[in-house]
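User: Hi! I have a model open here and would like to understand the labels attached to it. Could you walk me through them?

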Amino acid sequence: MGDMHSLQAMYGGTFDPVHYGHLKPVEILANLIGLQRVIIMPNNVPPHRPQPEATSEQRKAMLALAIADKPLFTLDERELRRDTPSWTSQTLREWRAEQGPMQPLAFIIGQDSLLNFPSWYQYETILENSHLLVCRRPGYPLTMRDAQHQQWLDAHLTDNIEDLHSLPAGKIYLAETPWFDISATLIRERLQQGLDCDDLLPSPVLAYIHAHGLYQKSTDA
């Protein structure tokens, strides 16, 4: 397998702030399937959720600090440069055009995102441009909400890692990654209460948060 076409994956999120629950499952996934490169991509205007507390520049800076010592990850700012909502389908179409038709590409999501996947904008086009790598949540059933979407899932599932490396797109792989019970919401709440977050996110990110007074208690109470 030449390096020319080794599998690359993209991993998007709000990262408000980035934490070990984002990074560690993806590092384990990379080891499991022999993934050489993960492009980590902060969303600009996430369509599915409230707007981030930190600015785009601050979220990008925290990500850069978090991955500085992790050669697996590279940072992609393309969605931050858009002033429209971040549609994954559109981003993956652009990425595919850049990489050519034969390059194996994948998009990493969590199990909860897979269950909601049919509600994503133009979801059916995503597998035309990439594989889906799903970080499973141990102990939770993975059943789609209706039979039509279950058929879609079953039709694309593979447990053959070689498929991910040899085919450019079109497969869904369920990875048995551990679950880290950490969320950005939890971290923001702990920071507001002045509680310790040392085990939840990389120390350079925590130092940046403190230096910039992010997610702190509001002083007008």
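**Labels and their cut-offs**

Analyst: Happy to! Leu-105 has its place in strand E4, where strands (E, at least two residues) and helices (H or I, at least four) are DSSP runs numbered from the N terminus. This is a predicted model, in which local features need pLDDT of at least 70, side-chain atom pairs count only at pLDDT 80 or more, and totals for chains, interfaces and linings use all residues. Residues are numbered from 1 along each chain as its sequence is written, and side-chain values use heavy atoms, leaving out hydrogens and water.

User: Why is Leu-105 called buried?

Analyst: Buried means under 20% relative accessible area, exposed over 50%, and partly exposed in between (1.4 Å probe, protein chains only). Leu-105 is at 0% relative accessibility, so it counts as buried.

User: What makes strand E4 largely enclosed by the rest of the structure?

Analyst: Five of the six residues of E4 (residues 105-110) are buried, so the strand is largely enclosed.

User: How do you know that E4 pairs with E5?

Analyst: Two strands pair if DSSP finds at least two bridges between them. E4 and E5 (residues 131-135) have five bridges, in the parallel sense, and Ala-106 stands opposite His-131 in E5. Strand E1 (residues 8-13) also pairs with E4 in the parallel sense, over four bridges; there Gln-8 stands opposite Leu-105.

User: Which residues does Leu-105 touch?

Analyst: Contact means heavy atoms within 4.5 Å. Not counting residues up to four places away in sequence, the residues touched by Leu-105 include Leu-7, Trp-95, His-131 and Pro-168.
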